[in-house]
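Me: Here is a model I would like to go through with you. Shall we take it piece by piece?

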Amino acid sequence: MPPTILLLDEGGALHGALRAASGQDGLQGQWLVAASVEIAQSLLEQHAVDAVVLPWALRKTLPQSLPSGWQGVPLVLLLPPDGEISQALGPVHGVRDGDTVALLQCLRELGLLQSQHQDAQIPHEAQQTLQRVVDSISQGVVLIDADGRIRVHNHRMQELLDLPSALLEHQPAMDEVLQFQKDRGDFDAAYIGWDATSREYLGSFVSGQPHHTQSPEVYLRRTAQGRYLEARTRMLPGGGLVRTYTDVTDYLAAQEALRQSETRWRSLTHLSSDWFWEQDAELRFVRLEGSARQSLAMSYEDHYGLTRWDLPDVVASEAQWSAHRALLYARQPFHDFEVQRQAPDGTTVWVSVSGEPVFDDAGRFTGYMGVARNITRQKQAEAEIQRLAFYDELTHLPNRRLLIERLEQALAQCGRSASHGALLYLDLDHFKDVNDTLGHEWGDELLRQAGIRLCQCVRTTDTVARLGGDEFVVVLQGLDAQAAEAAMQAEAVAQKILMQLNVPYALTGAELHCPPSIGIALFQDAQLSVLELLQRADMAMYQAKAQGRNAMSFFDPAMQAQASARAALEADVRQGLERMEFCLHYQPVVDAAGQVQGAEALVRWMHPQRGMVPPGEFIPLSEQTGLIHSLGRLVLQAACVQLMRWAADPVRCHWTLAVNVSAREFRHPDFVAQVLDILQQTGADAGLLKLELTESLLLQDVEDSIAKMQALRKQGVGFSIDDFGTGYSSLSYLKRLPLDQLKIDQSFVRDVLTDPNDAAIACTVIALGRSLGLEVVAEGVETHAQRKFLLRNGCQRFQGYLFGRPGPADTL
């Protein structure tokens, strides 16, 4: 059925223009021409129309004047040059007013008008010529006839759209190509340059149902390649069209970069805490922009016409101004020139200024431009950092850094005046108990009160500092030139401190007693270093603790000699570990028949100058310094290697090997992993390895000990309690531990024949081991009588000089 089109044409001119423009096609269908809105309404009530064409000026009357039947009817608006389509009117199509050709084309696309003739086929020779022409074009080109079929395309079009050749071999309909691209998900939505027509065009393009609307430009993004294409469509006489594709990825990227740059610049202008300024060739302000008004509480106009040094209330030293002017007159850039300014409320504002000279095209100097910033908060923060750098935050006393400066000054002063000074190093006895039982808040308050009391015990010329934790230092200056008199003066201050700090502390209704231990070191020699002086006082303080706490002690030179020897030994141990000077000796463990069943590995140190160093000299030091971790790994590694050697010997392949493990080693979080790693590296049988632990070690953290022992026990590693009976044994814990063996300490074995108590203890351990299913080894067996007594009471394993002294593995 022919379509019915309602044309709202107040003079009839539009209808005439349409007839003239349609030419031989004519205007098919029924045309209802209304000279007014009222007539249009009457016609709509009488007829079912397929489209309405109306001028832009009457668009606002439609929802109120036309009946509800108009809803869903396509509308074609004649747009003024600056008009836009209202999105509230439903399916709307816009055509520029006066463009009757475009109006006819729009009606054809809506399926309302049809041409009365078909396009003639392009002659074969002409088509070949056309093909050569389009192949020479750098853009992608496709010629589509009135039936929507592709007649001509070039290779560039196929390349840009990433189309397979098979798809284009038989002049497919453009619908097929678009559907192929839609199914493959080629294109995202369009981006730039849309008007209503191009939006409609692109929507139809992606959906695979194209309307051949002439579009000024549409940008598409290839989803697979990330490239952007510009698609342009131009109508051909007779209804066909030419569509071109251009790769505009680089162009759009440049445009986007420019847009982002402009956006960032605008954002910086609005959001930056800086302000921007310009000066003329006379260095007078001519322009200000940004946050200067808020930062300085001074209007821009107050700046104009003035140089920086002419501004009121701007403060800098004369040396600063001179250096600044020198840079300006030399036409040099400057950075972070800092000045102060007095604000109207009396506060000080700090400003940092940076700038660079400006020259015109001829190279003539025209002024300066730059930025400035309010740095008041930064300056306040720097002052606070300076305070925190030199003073303790809790007590507000000088900290270690300021103390060292004061000590250096005191040492120099004593050297010049030949007077003595004294350094008192103290900490609060049992302070840790306060923190652990009452909490850190109470501990902090106790430290604050202690600092106040210390300051009350000294002169204003003396220094009280807090080193950290509960450690304080007092520096006394101007003491007597005679050492004995100076010592008496320092002792008097120390006694005063002891008395003050022995007064109970009142904290939240409770009283706490936390007396000090004080170490005193006199000084007069300017050559003495601050570090050495602190070490002397620290050693004296520990000497006071050793005397029973709540006491004072002067530094003794013998203490220094002992500390120096300890430091030298520590350095030797470190070098010995690096030079592999430590080795293992083995003491056999025998059964009741005297047959060797295994051995205990004992570390020895073959010092290149001192010879064989006893373990008692370096094992405790290694424990204290943490070197025991390296030493323990070395011992365990060597023991496992020895087990592998015995494994190849039929006589020794069943021997077990015991290795002592220190408390510090066992408490290390990676202890289990380290043992298993060494076993894996060496290939030693874990079932032949026994780790000897002490009672006190196991009772420090029973649950952790059990977890570690069970983890290793699962891999076959055995465990023995060494020196059993010398610690604080607990049977409730003992039955939970995954043990294999108890070792009777040699102190009980030595007097087992002469001391009834030792004999009773040894027998009790043997009986206990039997009842718990544990093997018992007696250590330190030196006589046959001792062996017989122990054997008679049920002991089956023995170790001691009677069976062999510790020695290299080949002596077993």
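Predicted model: local features only at pLDDT ≥ 70, side-chain atom pairs only at ≥ 80, totals over all residues.

Me: How many bridges pair β28 with β29?

Reply: Strands pair if DSSP finds at least two bridges between them. β28 and β29 (residues 718–724) run in the parallel sense, and their bridges number five.

Me: What is the bridge partner of Leu657 in β28?

Reply: Strand β27 (residues 656–660) is also parallel to β28, joined to it by four bridges. Within β28, Leu657 has as its bridge partner Leu689.

Me: How many of the six residues of β28 are buried?

Reply: Buried means under 20% relative accessible area, exposed over 50%, and partly exposed in between, with a 1.4 Å probe and protein chains only. Strand β28 (residues 689–694) is largely enclosed by the rest of the structure, because its buried residues number five.

Me: Is α23 roughly parallel or roughly antiparallel to α25?

Reply: Axes are lines fitted to C-alpha atoms, for helices over the stretch in contact, and angles run from 0 to 180 degrees between N-to-C directions. α23 (residues 671–682) and α25 (residues 702–713) pack at about 20 degrees, axes 10 Å apart. Angles under 35 degrees count as roughly parallel, over 145 as roughly antiparallel, 65 to 115 as roughly perpendicular and the rest as oblique. So α23 and α25 are roughly parallel.

Me: Which residues of α25 make the contact with α23?

Reply: Contact means heavy atoms within 4.5 Å. From α23 come Phe671, Val672, Val675 and Leu676. From α25 come Lys708, Ala711 and Leu712.

Me: Is Leu283 buried or exposed?

Reply: Leu283 lies in the loop between β11 (274–279) and β12 (285–290). Its phi is positive, about 65 degrees, although Leu283 is not a glycine. Most residues other than glycine have a negative phi. At 4% relative accessibility, Leu283 is buried.

Me: What is the relative accessibility of Arg331?

Reply: Arg331 sits in the loop between α12 (318–329) and β14 (334–342). Arg331 has a positive phi near 60 degrees. Arg331 counts as partly exposed, with a relative accessibility of 30%.

Conventions
Residues numbered from 1 in each chain as written. Heavy atoms only, no water. Helix = DSSP H or I, 4+ residues; strand = E, 2+ residues; numbered from the N terminus.
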